[in-house]
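Dear colleague,

Please find below the structure that I would like to hand over to you. My findings follow directly after it.

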Amino acid sequence: MNEFGLYLHVPFCRQKCFYCDFASYAGAEHLFTAYTAALCQQIAEQGGLLCKPAVDTIYIGGGTPSLLPVQLLTQIMTALDRSFSIQREAEISMEANPGTVTKNQLTVLKAAGINRLSFGVQSFNDSLLARLGRIHQTADTLAALDYAYRAGFTNISIDLMYGLPGQRAEGFARELEQAAALETAHLSVYGLKLEAGTPFCSAYDQGLLALPDEIAEEAMYDLMVEVLPGQGLRRYEISNFARPGRECRHNLKYWHYQPYLGLGAAAHSFVNGERTSAVPAIEEYIRAIKAGSSPVIMREKLTRAQAIAEYIFLALRTTQGLKAADFTRQFHLDFFIHFAHTFNELRQQKLLATNGRRVWLTDKGMKFSNLVFAAFIDDH
Ligand code: SF4
């Protein structure tokens with residue numbers, strides 16, 4: 001296997017945000033040490049199994065990795081260094097919650113090799129942050145960024161959300177300006193989605209949560225697309241904006257259909273056309289690793305049809321779009337012939353554009369990307 005991306009999942013959070021359905025748990029601090037030991041064991045085993053393979057991107061996500069004590073995070077970095085051949089220019093990202101970082105911690109993590117931070121900022125409006133169940137306020141965000149810059153990080157990303165309860169387009173415009181003014185290298189912007197089983201979802205079902213209507217949400221989306229490029233943040237994926245050369249290389253692997261290995265509870269992998277995911281419950285994960293058994297609970301070899309649909313779906317998420325030659329190399333199919341009908345229809349609707357070698361979503365296509373993806377799935 002060539003260089004691949006490595007994802008490590010840290011499933012701890014100080015408290016659960018009201019909208020979140022990620023595999024993360026609050027009140028599990030007593031498992032920090034045992035979980036880290038299990039994760040380091042899995043890193044050593046997988047690295048050994050693959051003969052210390054080369055990796056050029058590592059992404060420590062969660063949950064809230066920055067909640068782990070710094071000595072446990074450095075243990076993880078040491079384990080990675082021992083068992084994987086981390087390339088010199090590797091991008092090593094860690095997600096962080098602005099309410100959980102200190103300057104000392106970030107300085108140690110920078111020295112341990114982490115070179116990119118992704119802060120879950122979500123909003124610069126303290127009452128919205130409280131409404132979301134976030135543990136931090138805007139003052140924490142500003143302090144966290146200050147600590148990060150002073151610790152020597154230059155590759156910093158922040159996440160923002162829109163479509164939040166009570167949020168208005170004018171307020172979101174100010175938040176976008178505020179985010180851009182921080183001059184971080186990267187910005188991810190997501191619309192709120194109601195996920196089944198979350199407190200937000202049940203409040204909404206009971207009529208207790210008022211969300212912006214479709215028109216207001218669309219206005220916020222339009223603002224995102226208008227404001228950020230004017231501030232030097234180029235859109236390179238539906239929800240992601242970066243300054244030149246600061247695109248997230250790890251996430252690009254997902255969109256470019258490249259292999260990645262996920263370690264830890266709930267982690268997903270994609271290797272040799274097979275998707276797997278690990279057990280999400282922390283204690284079950286620890287038990288499995290300790291017992292020497294696999295934590296994988298789902299294994300799925302993609303059918304050819306699934307692989308083609310997924311390839312198209314992922315490639316079209318990026319502004320670069322789908323390269324016809326790469327598609328042919330991967331599937332021995334001519335994209336323009338095989339999908340002639342769907343492609344022509346979507347092009348007539350001004351959702352897709354092409355120069356004969358690449359196909360990409362137009363601005364309208366980005367906005368209504370779900371329609372485009374559904375059309376390709378139906379066609380297939
Ligand atoms: S901090 Fe992130 S992972 Fe944790 S509960 Fe909130 S949204 Fe979910």
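Which residues does Ile92 touch, not counting residues up to four places away in sequence? They are Ile58, Met77, Ile86, Gly113, Ile114, Asn115 and Arg116, where contact means heavy atoms within 4.5 Å. Ile92 belongs to strand β5 (residues 85-96); here and below, helices (H or I, at least four residues) and strands (E, at least two) are DSSP runs, numbered from the N terminus. With a relative accessibility of 6%, Ile92 counts as buried (buried means under 20% relative accessible area, exposed over 50%, partly exposed in between, with a 1.4 Å probe and protein chains only). From C-alpha to C-alpha, Ile92 and Tyr35 are 20 Å apart in space and 57 residues apart in sequence.

Please note that this is a predicted model, in which local features need pLDDT of at least 70 and side-chain atom pairs count only at pLDDT 80 or more, while totals for chains, interfaces and linings use all residues. Residues are numbered from 1 along each chain as its sequence is written, and side-chain values use heavy atoms, with hydrogens and water left out.

Helix packing

Tyr35 is one of the residues through which helix α1 meets helix α10. Helix α1 (residues 32-49) and helix α10 (residues 282-290) pack at an angle of about 45°, and their axes are 9 Å apart. Axes are lines fitted to C-alpha atoms, for helices over the stretch in contact, and angles run from 0 to 180 degrees between N-to-C directions. The two helices are therefore oblique to each other; angles under 35 degrees count as roughly parallel, over 145 as roughly antiparallel, 65 to 115 as roughly perpendicular and the rest as oblique. On the α1 side, the residues in contact are Ala34, Tyr35, Ala38, Leu39, Gln41 and Gln42, and on the α10 side they are Ile282, Tyr285, Ile286, Ile289 and Lys290. By class, this contact of α1 with α10 comprises eight nonpolar, two polar and one charged residues (Ala, Val, Leu, Ile, Met, Phe, Trp, Tyr, Cys and Pro count as nonpolar, Asp, Glu, Lys and Arg as charged, and the others, Gly among them, as polar).

Helix α1 also packs with α2, their axes coming within 9 Å and crossing at roughly 10°. That makes α1 roughly parallel to α2. The contact of α1 with α2 has nine nonpolar, five polar and no charged residues. Among its members are Phe32, Leu39 and Ile43 in α1, and Leu72, Ile76 and Leu80 in α2.

Salt bridges

Side chains of opposite charge can pair when their charged atoms come close. A salt bridge is taken here as a side-chain nitrogen of Lys or Arg within 4 Å of a carboxyl oxygen of Asp or Glu, and by this rule the count comes to nine.

One of them joins Asp56 to Lys253, with the closest N and O atoms 2.8 Å apart. Asp56 is in strand β4 (residues 54-62) and Lys253 in helix α9 (residues 249-255), so the pair ties together parts that are 197 residues apart in sequence. Both partners are buried: Asp56 at 16% relative accessibility and Lys253 at 6%.

Glu274 and Arg299 form another salt bridge, at 3.1 Å between the closest N and O atoms. This pair links strand β13 (residues 274-278) to strand β14 (residues 296-301). Glu274 is partly exposed at 23%, whereas Arg299 is exposed at 52%.

The side chains of Arg275 and Glu310 meet in a salt bridge with an N to O distance of 1.9 Å. Arg275 lies in strand β13 and Glu310 in helix α11 (residues 304-317), so the pair connects parts that are 35 residues apart in sequence. Salt bridges that share partners also join Glu218, Asp222 and Lys367 into one network.

Backbone geometry

Most residues other than glycine have a negative phi, and most peptide bonds are trans. Cys51, in the loop between α1 and β4, has a positive phi near 60° and is exposed at 66%. Ala266 has a positive phi of about 65° and is buried at 14%. The peptide bond from Gly62 to Gly63 is cis, with omega near 20°.

With kind regards
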